[in-house]
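Open the model in your viewer and keep the sequence panel beside it. The tour moves from one selection to the next.

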Amino acid sequence: MKGFTTKIVHSDRQDVIEHGSLQKPIHATVAYGYDDARDLAAVFQGKQPGFTYGRQVNPTVEALQTKISRMENGLQTVCFSTGMAAIGTMLFALLRSGDHFVSSTFLFGNTNSLFSSFATQGLKVSFADATDVNAVAEAITEQTKLVFVETIANPRTQVAALDEIGELCKKRGLIYVVDNTMTSPYLFQPGDVHASLVVNSLTKYIGGHGNALGGAITEMGCFDWSSFENIYATYKTGAPQTWAITQIKKKGLRDFGASLGPEAAHHIAVGAETLALRMERQCANSQAMAEYLQTHPAVGPVYYPGLHDHPQHARAKTLFRYPGALFSFELMPNTDIWDFLNRLKVIIKSSNLGDNRTLAIPVAHTIYFEMGPERRASMGIDESLIRISVGIEEIQDLLDDLAEALSTMG
Ligand SMILES: *Cc1c(COP(=O)(O)O)cnc(C)c1O
């Protein structure tokens with residue numbers, strides 16, 4: 001099975017599945033009983049496969065983990081209750097006080113907030129312009145253990161120098177973490193650029209329906225964890241490729257407990273079946289909407305990697321199947337963004353992204369409000385910036401909605 005969607009819809013049935021069920025059943029249980037106490041002990045000690053307690057693993061969640069590994073062409077995956085839990089738990093499990101990591105400066109707002117919090121807890125972080133590999137290289141110090149980047153940054157759609165940063169990390173022996181949320185494994189395979197670990201917020205495109213939160217970390221198998229000093233001796237069992245994911249699962253998930261529940265795992269697994277179909281439509285809609293807005297007199301700059309004048313247009317074309325399903329734009333000075341937003345009838349004013357419905361949000365006044373004007377300016381976020389997460393509606397309805405909302409402007 002080679003096709004992306006074939007792999008997803010036939011994933012569960014490659015393992016033992018109860019009663020030949022076509023969907024992995026929801027295992028609504030916390031604990032698991034054993035007839036022989038020796039088996040219980042062997043499972044606890046990792047000598048035998050099986051389930052112990054729901055904070056670390058559940059059969060429905062495990063089936064989703066396997067599915068995500070197949071989608072990313074990775075080795076192993078651990079799921080979490082949210083994307084933020086995935087990022088936070090991973091860094092908590094892998095880094096120690098005094099360790100330094102380099103992050104892209106163009107960052108999902110909550111990840112930016114998380115990294116600032118880590119900086120008060122003994123981890124050191126430097127932000128660098130990840131569209132330029134030299135800026136990332138300059139930020140590396142003796143204490144640097146890890147580099148963190150997003151594929152397409154939200155909301156300004158900067159595309160990181162993913163392949164060059166991958167080469168740099170390989171050469172310097174650094175852990176390379178790629179947050180693939182904005183592209184999803186359908187548009188981009190971080191394994192192609194030597195990513196060590198891949199982050200996905202399952203809440204967004206993979207789940208796709210805005211009905212469940214979830215996150216995942218996938219081990220890609222190319223980093224030599226035997227050379228990484230922060231792995232505890234107890235987790236150095238089996239192939240070194242699996243040590244980090246074991247530590248994230250055992251230490252991270254156990255200590256923090258931000259586990260994905262079986263019901264959410266089921267919703268996400270069902271959503272994932274149509275990832276490729278949704279993405280095709282969402283990306284086509286995005287391209288058409290961005291091109292339309294670019295020609296409208298009431299609209300200022302439009303930021304979408306699928307537009308020829310986007311600074312990383314060529315890079316996006318090389319790296320990604322399509323340039324994503326999210327774009328942002330500014331209105332001309334003296335136009336009222338509130339009036340524009342309130343005139344939209346099909347497009348919903350909402351903060352999520354990756355939903356089947358098209359959503360719009362005034363970025364500086366909402367999701368990036370708390371960080372203040374200075375940090376906003378450093379991320380290139382204008383006060384009038386509007387972000388559109390494009391859904392699967394028919395394109396004419398979306399274009400008509402934009403046209404109507406803009407009709408009194410410009
Ligand atoms: C949404 C998002 C996250 C966080 O995911 P949640 O599931 O909302 O916690 C992380 N990274 C990126 C790029 C995101 O868009």
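The stops below go from the ligand to a salt bridge and then to some backbone details.

This is a predicted model, in which local features need pLDDT of at least 70, side-chain atom pairs count only at pLDDT 80 or more, and totals for chains, interfaces and linings use all residues. Residues are numbered from 1 along each chain as its sequence is written, and side-chain values use heavy atoms, with hydrogens and water left out.

**Stop 1: the ligand**

Now show the polar contacts, pairs of N or O atoms within 3.5 Å. For K204, a polar side-chain atom is 2.8 Å from an oxygen atom of the ligand. At G83, a polar backbone atom lies 2.8 Å from a ligand oxygen. On its own the ligand has 370 Å² of accessible area, and the protein covers 93% of that (Shrake-Rupley method, 1.4 Å probe).

**Stop 2: a salt bridge**

Select K145 and E229. They form a salt bridge, with the closest N and O atoms 3.7 Å apart; the term means a side-chain nitrogen of Lys or Arg within 4 Å of a carboxyl oxygen of Asp or Glu. K145 is in strand β4 (residues 144-150) and E229 in the loop between β7 (215-219) and α9 (243-256), so the pair links distant parts of the chain, 84 residues apart. The whole structure has twelve salt bridges.

**Stop 3: the two ends of α2**

Go to D36, at the start of helix α2 (residues 37-44). A side-chain oxygen of D36 comes within 2.8 Å of the backbone nitrogen of R38. After α2 comes G46, with a positive phi near 75°.

**Stop 4: backbone exceptions**

Most residues other than glycine have a negative phi, and most peptide bonds are trans. Select N154 and P155: the peptide bond joining them is cis, with omega about 10°. P155 lies in the loop between β4 and α7 (162-172). Finish at S184, in helix α8 (residues 184-187), where phi is positive, near 70°.

Terms used
Polar contact = N/O pair within 3.5 Å; in protein donor to acceptor, adjacent residues only side chain to side chain. Helix = DSSP H or I, 4+ residues; strand = E, 2+ residues; numbered from the N terminus.
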